[in-house]
Amino acid sequence: MSQDLVFTVEFNIKPHAREAFLASLTQLVTAMATEETFVSTYLHQDAEDANKFLIYERWSEPSMDAFMENQLRGKAYRDEYEAQLPDWSASPRKISVLRPLGLWQSQ
């Protein structure tokens, strides 16, 4: 089983900010995908609330502390996004680190 760092980030975005949030997030993820330890990211929108989003991220980082140090601090491409996020958000984002317990795949 993979030892990747896996976490989700939940967003509740103000309706008027949804398009700006998604445009900025798309730019962020495109830049993020070039990082050496990036594995994958999935972006989902709540089927019943168009202002709620969830990102599922996988990184080859040993811990959330290492991720924060290596991927969040000093990355210029994150600056504008991080500066705008509080204005776009209806509530603070929620980050949950996940621990792998099993994997099942289609045969």
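## Report on a predicted α/β chain model

Leaving aside neighbours within four places in sequence, serine 40 is in contact with Tyr56, Glu57 and Arg58, where contact means heavy atoms within 4.5 Å. Serine 40 has its place in strand E2 (residues 38-45). Its relative accessible area is 17%, so serine 40 is buried; buried means under 20% relative accessible area, exposed over 50%, and partly exposed in between (1.4 Å probe, protein chains only).

The model is predicted: local features need pLDDT of at least 70, side-chain atom pairs count only at pLDDT 80 or more, and totals for chains, interfaces and linings use all residues. Residues are numbered from 1 along each chain as its sequence is written, and side-chain values use heavy atoms, with hydrogens and water left out.

**Overall form**

The chain has three helices and four strands. Helices (H or I, at least four residues) and strands (E, at least two) are DSSP runs, numbered from the N terminus. Read from the N terminus on, the order of the elements is β-α-β-β-α-α-β. Along the principal axes, the C-alpha atoms of the chain fill a box of roughly 40 × 35 × 20 Å. Of the 107 residues, 32% count as buried. Among contacts between residues at least 6 apart in sequence, 70% join residues at least 24 apart.

**Helices H1 and H3**

The axes of H1 (residues 18-32) and H3 (residues 76-88) come within 10 Å and cross at roughly 150°. Axes are lines fitted to C-alpha atoms, for helices over the stretch in contact, and angles run from 0 to 180 degrees between N-to-C directions. The two helices are therefore roughly antiparallel to each other, a term for angles over 145 degrees. The crossing of H1 past H3 is left-handed, that is, the near helix is turned anticlockwise from the far one by less than a right angle.

On the H1 side, the contact is made by Ala20, Phe21, Ser24, Leu25, Leu28, Ala31 and Met32, and on the H3 side by Tyr77, Arg78, Tyr81, Leu85 and Trp88. By class, this contact of H1 with H3 has ten nonpolar, one polar and one charged residues. Ala, Val, Leu, Ile, Met, Phe, Trp, Tyr, Cys and Pro count as nonpolar, Asp, Glu, Lys and Arg as charged, and the others, Gly among them, as polar.

The buried residues of H3 are Arg78, Tyr81, Leu85 and Trp88. They pack against strand E1 (5-13), H1, strand E3 (52-59), helix H2 (64-72) and strand E4 (89-98).

**Selected residues and separations**

Alanine 20 and alanine 23 both lie in helix H1. Alanine 20 is partly exposed, with a relative accessible area of 39%, and alanine 23 is partly exposed at 45%. Glutamine 105 lies in the segment after E4 and is exposed, with a relative accessible area of 59%. The table lists C-alpha separations for pairs that include these residues.

| Pair | Apart in sequence | C-alpha to C-alpha |
|---|---|---|
| Alanine 20 and asparagine 70 | 50 residues | 26 Å |
| Alanine 23 and tyrosine 81 | 58 residues | 9.8 Å |
| Glutamine 105 and glutamine 71 | 34 residues | 29 Å |

Key. Angles under 35 degrees count as roughly parallel, over 145 as roughly antiparallel, 65 to 115 as roughly perpendicular and the rest as oblique.
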